[in-house]
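Biologist: I am new to this structure. Please show it to me, and then I will ask about a few of its parts.

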Amino acid sequence: MVRIPAAAVAAGGLVGGYGVARWTRKRPLGGVALAAAGSLAAYEWNRQAGPRAAAGLTVAYVAAFAGSHPLAKKVGAWPAVFAVAGGVAAASRAVTRRATDD
């Protein structure tokens, strides 16, 4: 079975959650997509790097979601979502890479 990197799942959850909410005009549905991807990413972070790393990256994921809202007022919705998704993906990659290199 092919594994999708947790970084891609997390970034995809942020982008996909926003996309679902925007295109369906149902914000709770976007929240479901965001939460599902976040849960899967957290599971993989825990598996790859342990519970402390998973907790930290989960906090970063939620903070990125929250931070995208004020950022969107300055740069626009899609650029904000892509920016925070990139940040979470980079953090995820750095933490899980360091854990697998040890």
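Biologist: Is G16 buried, partly exposed or exposed, and what is its relative accessible area?

Modeller: This is a predicted model, in which local features need pLDDT of at least 70 and side-chain atom pairs count only at pLDDT 80 or more, while totals for chains, interfaces and linings use all residues. Residues are numbered from 1 along each chain as its sequence is written, and side-chain values use heavy atoms, with hydrogens and water left out. Buried means under 20% relative accessible area, exposed over 50%, and partly exposed in between (1.4 Å probe, protein chains only). G16 is therefore partly exposed, its relative accessible area being 27%.

Biologist: Which helix holds G16?

Modeller: Helices are DSSP runs (H or I, at least four residues), numbered from the N terminus. By that numbering, G16 is found in helix α1.

Biologist: What kind of aromatic pair do Y18 and W78 form?

Modeller: Rings of Phe, Tyr and Trp (its six-membered ring) pair if their centres lie within 6.5 Å; planes under 30 degrees apart count as stacked, over 60 as edge-to-face and the rest as tilted. The structure holds 3 aromatic pairs. For Y18 and W78, the centres are 4.7 Å apart and the planes stand at 80°, and the pair is edge-to-face.

Biologist: Which helices does the pair of Y18 and W78 link?

Modeller: The two residues are 60 residues apart, so the pair links distant parts of the chain. Y18 lies in helix α1 (residues 6-24) and W78 in helix α4 (residues 77-101).

Biologist: Why is the pair of W23 and W78 called tilted?

Modeller: W78 is partly exposed, at a relative accessible area of 22%, whereas W23 counts as exposed at 65%. Their ring centres are 5.7 Å apart and the planes are at 35°, so the pair is tilted.

Biologist: Which residues do ring pairs link into a cluster?

Modeller: Ring pairs join four residues into a cluster: Y18, W23, W78 and F82.

Biologist: How are α2 and α3 oriented to each other, roughly parallel or roughly antiparallel?

Modeller: Axes are lines fitted to C-alpha atoms, for helices over the stretch in contact, and angles run from 0 to 180 degrees between N-to-C directions. The axes of helix α2 (residues 27-49) and helix α3 (residues 51-75) come within 8 Å and cross at roughly 155°. Angles under 35 degrees count as roughly parallel, over 145 as roughly antiparallel, 65 to 115 as roughly perpendicular and the rest as oblique. The two helices, α2 and α3, are therefore roughly antiparallel.
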